[in-house]
Protein chains: 2
Amino acid sequence: MADDIAAARRSGASASSERPLDMAGLENTLGFRLRLAQQYVFRDFVTRFSAIEINPVLYSALILIEKNRRCRQSELAMALGVQQPNLVDRIDSLVQRGLVSRTPDPQDRRANVLMLTATGKGFMVGLHAIHDQHTAHLKRQLGEDEYAVLIGLLDKLR
Amino acid sequence: MADDIAAARRSGASASSERPLDMAGLENTLGFRLRLAQQYVFRDFVTRFSAIEINPVLYSALILIEKNRRCRQSELAMALGVQQPNLVDRIDSLVQRGLVSRTPDPQDRRANVLMLTATGKGFMVGLHAIHDQHTAHLKRQLGEDEYAVLIGLLDKLR
DNA sequence: TATTGTTATACTCTATAACTATA
DNA sequence: TATAGTTATAGAGTATAACAATA
């Protein structure tokens, strides 16, 4: 009988015949919720930043380079939660775009020191403005207080 | 001067010379926090489920097939947040392992109906047990109440 | 004409081993 | 001997177009 109802829903009026599935078994599954929430947030992020060709990892990298003088690639990789080799091409792209300088550290010539260029500092103004709009959108979705609570709870996971 | 302190930290006693970067500029960035939290949760998930060769998407698929009689691939794809073509190989693997049956729907022979096999139903017992341990670990990390709060806030993002 | 499932494909992200130059 | 950055590569996840069978 329940199958008949489901079948009736399937052949309903609307073109797309998908019924929403019963998600009860996943109500308690944090990883599933995290994946869907990240999908939503990243989609909004990517849309807003597409005009300046910045994705979430490049954004985080630029912010950390801005706030940390004489930042190294190994430090950046650890902070971002990515492997060093996967950072190389991304830094390359920032250097080629003239946003970041990569110079050998005179104190340890194995290491590269990353800094914003003058162009990069100018670029950050627009970057912060777009991110403010992105954050405002998410805060409207959640409420200002709950946004802060969510960030706090996510930080407890490590 | 601040650079001297950073340099001193870099050449400190410990083998790994990485200083922790100042993350202040990302305190407010939800996408970044979501990514790190998901990294942590998925790593724990993958470790615990590796013995039975189940990853997060396969887990969610099995749960939804278990709870939804006569589930279709298109419905599953929408619920899981993946594209239909990316589900095909995954369902293949569950069918090949004898956990799921995929049979044409007599009412609409374009569609496949997914159901747990007898083997699959037995498999779910162990699956639930491992997931309970995984969830217990996360609740210890967060606290029982805050775990529920976190799930609720993540659900508001859509 | 539209939809379900499928194939093929391309792009991104991620993880690891091995190389180089420095230390 | 160990570390910073790099190269090359393999695996997984993801998105899109096009096709066959069916509606």
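User: Buried means under 20% relative accessible area, exposed over 50% and partly exposed in between, with a 1.4 Å probe and protein chains only. Is R33(B) buried or exposed?

Analyst: This is a predicted model, where local features need pLDDT of at least 70, side-chain atom pairs count only at pLDDT 80 or more, and totals for chains, interfaces and linings use all residues. Residues are numbered from 1 along each chain as its sequence is written, chains are lettered from A and ligands numbered from 1 in the order in which they are written, and side-chain values use heavy atoms, leaving out hydrogens and water. R33(B) sits in helix α2 (residues 30-49) of chain B. Because its relative accessibility is 9%, R33(B) counts as buried.

User: Which residues does R33(B) touch?

Analyst: Contact means heavy atoms within 4.5 Å. Leaving aside residues up to four places away in sequence, the partners of R33(B) come from chains A and B. They are L26(B), E27(B), I151(A), L154(A) and D155(A).

User: Nice. How are the two copies related?

Analyst: Superposition is by least squares on the C-alpha atoms of residues with pLDDT of at least 70 in both copies. Chain B goes onto chain A by a rotation of 180° with 0.0 Å of shift along the axis, at an RMSD of 0.0 Å. The same surface serves both copies, as 100% of the contact residues of chain B recur in chain A. The copies are thus related as by a two-fold rotation axis.

User: What pattern does chain A follow along its sequence?

Analyst: Helices (H or I, at least four residues) and strands (E, at least two) are DSSP runs, numbered from the N terminus. Chain A has seven helices and three strands. Read along the sequence, they follow α-α-α-β-α-α-β-β-α-α.

User: And what share of chain A counts as buried?

Analyst: Let's look at contacts as well. Among the contacts in chain A with a separation of 6 or more, 47% come from residues 24 or more positions apart. Of the 158 residues in chain A, the share that counts as buried is 46%.

User: Why is helix α4 (residues 73-80) of chain A described as largely enclosed, and which of its residues are buried?

Analyst: Seven of the eight residues of this helix are buried, so α4(A) is largely enclosed by the rest of the structure. Just after α4(A), G81(A) has a positive phi of about 75°. The buried residues of the helix are Q73(A), S74(A), E75(A), L76(A), A77(A), A79(A) and L80(A).

User: At what angle do helices α2 and α6 of chain A pack?

Analyst: Axes are lines fitted to C-alpha atoms, for helices over the stretch in contact, with angles from 0 to 180 degrees between N-to-C directions. The axes of α2 (residues 30-49) and α6 (residues 118-142) are 10 Å apart. The contact involves, among others, F45(A) and F49(A) of α2(A), and L127(A) and I130(A) of α6(A). The packing angle is about 145°.

User: Is E53(A) buried or exposed?

Analyst: Most residues other than glycine have a negative phi. E53(A), which is not a glycine, has a positive phi near 55°. E53(A) is found in the loop between α2 and α3 (56-67) of chain A. With a relative accessibility of 60%, E53(A) counts as exposed.

User: Where does R70(B) lie?

Analyst: R70(B) is a residue other than glycine with a positive phi, near 55°. Its place is the loop between α3 (56-67) and β1 (71-72) of chain B.
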